Amino acid sequence: MLKLEGVDAKYDSFKALDGISMSVEPGELVVLLGANGAGKTTLFNTISGLMKPAAGRITIDGKDVTGRKPSALVAAGVVQCPEGRKLFPGMSVLKNLRLGGYVHRRDRAGMNRTLEQVLAMFPILDEKKDEPAGSLSGGQQQMVAVGRALMGRPKLLMLDEPSLGLAPLVVKQVFERVEQINAEGTTILLAEQNAYAALKIANRAYVIENGRLTMQGDREEMLGNEAVRKAYIGA
Amino acid sequence: MEQFIQQILNGLTLGSIYGLVALGLTLVYGILHVPNFAHGALYMVGAYVCYFAMVELGLNYWVAMAAAAAVVALLSVLCERLVFHPLRHAPPIHDKIAAIGILLFLEAVVQMHWGADFRRIPTPYTEILRLGELTLPAQRLLIIGGAFALMGALHLYLKKTMTGLTIIAMAQNREGAFLVGIDANRVAMMTFAIAGALAAIAASLFAPINLVYPAMGHLVLLKAFVIIILGGMGSIPGAIIGGLIIGFAEALGGFYISSTYKDVIAFVLLVVILSIKPTGLFTKGVR
């Protein structure tokens, strides 16, 4: 579904991504592990089109999307739920969700159907739908962010550290939802520092360090890998 | 008492014009994140297009106003495409300098064609309604009615339509807007078009009770800045209410204190309000 070949990205002269080659197959849940500053968010933003790659090729279902605008990527079914959520804080929860379906704005019936599914998945959002998104708790805002991304009806959903700054119980809920979304057929690329929780629901994982992919493997390999355990699980 | 109500009416007239100009300025600020100094020039061009269509071509007032709105909306979009869009990755100071450049350019072009003379646009609505001691010139009522109708329409557009929401979304979180698939160029062009049209309509409404000349945008722009600083940068209700505050302060201050100093009052008010509430009156707590 998603394929990167030798992708580089730069901030001025600093090379933030160095020759990234990876792939995500339809239906998979792939985890991207990495410490702060390793390049997870840069990689996501490059795939989403917020940053232009300095080199390399990105394809979606075999179609070259390298350097395309973010709106083109969303229309192609690649939707990112960003780190820090990036909600519209002054707007109601409902408007945030509706804007998530912006690319499907002409399909009102379809949008309302997706909205119902999202509200069924996160019942608390139904209760808070008229409140400004900025007034919600961190966990609820994360649900709005995931819900907003789902409103774009992604084929590939990219979640950038959805557990960041949330209480352990809320983190557990978020991961349950991520697993559910994947089980319902959406391919997921999940960037996490919370390696153990993420690997438990993953099919495969990549490890990114200083802008390079240094390791990859399926769940069992990664959970059993001494280096991964030391660096990201702490056991 | 009648005097007071009369001044309230004058304040409403001024306030609704200022509000329209400030609304455009605040919308563009939400997109550019720099003040568009060229906005006053767009206001001035709006008045001249209306003058040209009405006096030189002999068209109907409303047709002239629509023409002014269309021409200035287009001009505003051109400014975005040709000047601000290419500068989008440059530091904000470049936008500010470019905006001043547009301002000087437009004024020079207008002055080259029409000269620096003061001109008048005749109002087709010369009736004066009388209510007891009150005199209500029809053009002033038209200004108030027209401006508030337009503000109401803009409010509905921004709150109720998907395209309107994209403008607010872009102002509240730029990256978030990109990530839901909103096209930055489209929103920027739309916002500049709306801002230009609002300025042109404000100018066309106000011109018949004022004068048309190349520097007419200066004071209006300065006051619009005061208004959006008062109301909180980027705040839409802030622009409307800020406009009314300045309008009332000018009308009442001009009458009860000194008409010579009426233009100073807006700036005194700015100093007073900012020393009490430095973030402006309507800045949202949630960010």
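Trainee: How do the residues of the lining of the largest pocket divide into nonpolar, polar and charged?

Mentor: They divide into 16 nonpolar, six polar and eight charged, where Ala, Val, Leu, Ile, Met, Phe, Trp, Tyr, Cys and Pro count as nonpolar, Asp, Glu, Lys and Arg as charged, and the others, Gly among them, as polar. This is a predicted model, in which local features need pLDDT of at least 70 and side-chain atom pairs count only at pLDDT 80 or more, while totals for chains, interfaces and linings use all residues. Side-chain values use heavy atoms, with hydrogens and water left out.

Trainee: Why is the meeting of Glu175(B) and Lys86(A) called a salt bridge?

Mentor: The term requires a side-chain nitrogen of Lys or Arg within 4 Å of a carboxyl oxygen of Asp or Glu; the side chains of Glu175(B) and Lys86(A) meet at 3.7 Å, N to O, and therefore the pair qualifies. The count between chain B and chain A is two salt bridges.

Trainee: What makes residues of chain B count as in contact with chain A, and how many are there?

Mentor: Contact means heavy atoms within 4.5 Å, and 21 residues of chain B are in contact with 27 residues of chain A.

Trainee: What is the area buried between chain B and chain A, and which atoms give 70% of it?

Mentor: Buried area is the accessible area (1.4 Å probe) that two parts lose on being put together, summed over both; here the area is about 2,200 Å², with carbon and sulfur atoms giving 70%. In chain B, Met162(B), Leu179(B) and Val180(B) lose the most area to chain A, together 32% of what that side buries.

Technical notes: Residues are numbered from 1 along each chain as its sequence is written. Chains are lettered from A and ligands numbered from 1 in the order in which they are written.
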